[in-house]
Amino acid sequence: MKSEFRAFIYQRQLTALTQYNEYIFDRILYENKDFILKIIQKFFHHENLLEKLPYENCIVDLILIEKNNDQIYQVYICEINPLAEFAGTGLFSWLNDRDILLGRQEFQFRIK
């Protein structure tokens, strides 16, 4: 499995996560949603990564790659963007989901 995700970070907290390409349905992503979330959460908490990011508020694009088809996954940061309305939001919306993205509502992970 190789997939790309967009993570929203506000005040150094993971507030939301979405599949990067909001236009596709991927059965494998859908069926492994909880597993994927655990891998990404572990990635951010490993070595206190949220504290090491260069920005307190940002959007982090991630790539999840399975290594050697053996259920071992590696997460890579491919890009860090400002947490701003001009940044794409995947399956979220600045208009309707602002409170989620800014951590005023409970964390959500969205997959189509």
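User: In which element does D61 lie?

Analyst: D61 lies in strand 3. Strands (E, at least two residues) and helices (H or I, at least four) are DSSP runs, numbered from the N terminus. This is a predicted model, in which local features need pLDDT of at least 70, side-chain atom pairs count only at pLDDT 80 or more, and totals for chains, interfaces and linings use all residues. Residues are numbered from 1 along each chain as its sequence is written, and side-chain values use heavy atoms, with hydrogens and water left out.

User: What makes the pairing of the D61 and R6 side chains a polar contact?

Analyst: A polar contact is a pair of N or O atoms within 3.5 Å; within protein, one must be able to donate a hydrogen and the other to accept it, and residues adjacent in sequence count only if both atoms are side-chain atoms. The side chains of D61 and R6 make such a contact at 2.7 Å.

User: Which residues is D61 in contact with, leaving aside its neighbours within four places in sequence?

Analyst: Contact means heavy atoms within 4.5 Å. On that basis D61 is in contact with E4, F5, R6, Y20, Y76, I77, C78, E79 and N81.

User: What polar contact does the side chain of D97 make?

Analyst: The D97 side chain makes a polar contact with the side chain of R110, at 2.9 Å. D97 is found in helix 4 (residues 94–101). Its relative accessibility is 9%, so D97 counts as buried. Beyond four places in sequence, D97 touches L91, F92 and R110.

User: What is meant by the largest nonpolar core, and which of its residues touch the most other members?

Analyst: A nonpolar core is a set of buried Ala, Val, Leu, Ile, Met, Phe, Trp, Tyr and Cys residues joined through side-chain atoms within 4.5 Å. The largest one has 23 residues, of which F5, I9, F44, V60 and L62 touch the most other members. Strand 1 (2–10), strand 2 (13–19), helix 2 (33–45), helix 3 (49–52), strand 3 (58–67) and strand 4 each give two or more residues to this core. Helix 2 provides the largest share, six residues. V60 is in contact with F5, R6, A7, I9, F44, L53, I77, E79 and I80, leaving aside neighbours within four places in sequence. Apart from this core lies another, of 10 residues, among them A16, I59, I100 and L102.

User: Which residues line the largest pocket?

Analyst: The lining consists of I39, K42, F43, H46, Y73, Q74 and V75. The search uses a 1 Å grid over the protein atoms alone: a cavity is a set of points where a 1.4 Å probe fits but cannot get out, while a pocket is an open set with protein on both sides within 12 Å along at least five of seven lines, and lining residues have an atom within 4 Å of a point. Helix 2 and strand 4 each supply at least two residues of this lining.

User: How much space lies in the largest pocket?

Analyst: About 180 Å³. Grid points are joined across faces, edges and corners, and the volume is the space filled by probe spheres set on the points.

User: Why is Q74 called partly exposed?

Analyst: Q74 has 29% relative accessibility, so it counts as partly exposed. Q74 is found in strand 4 (residues 72–82). Leaving aside neighbours within four places in sequence, Q74 is in contact with I63, L64, I65 and K67.

User: Why is P54 called exposed?

Analyst: The relative accessible area of P54 is 56%, so P54 is exposed. P54 lies in the loop between helix 3 and strand 3. P54 touches R12 and I80, not counting residues up to four places away in sequence.

User: What is the phi of R12, and where is R12 found?

Analyst: R12 has a positive phi of about 60 degrees although it is not a glycine. Most residues other than glycine have a negative phi. R12 is found in the loop between strand 1 and strand 2. With a relative accessible area of 17%, R12 is buried. Q11 is found in the loop between strand 1 and strand 2, and its phi is positive, about 50 degrees. Q11 is partly exposed because its relative accessible area is 47%.

Key
Buried < 20%, exposed > 50% of the residue type's maximum accessible area, 1.4 Å probe, protein only.
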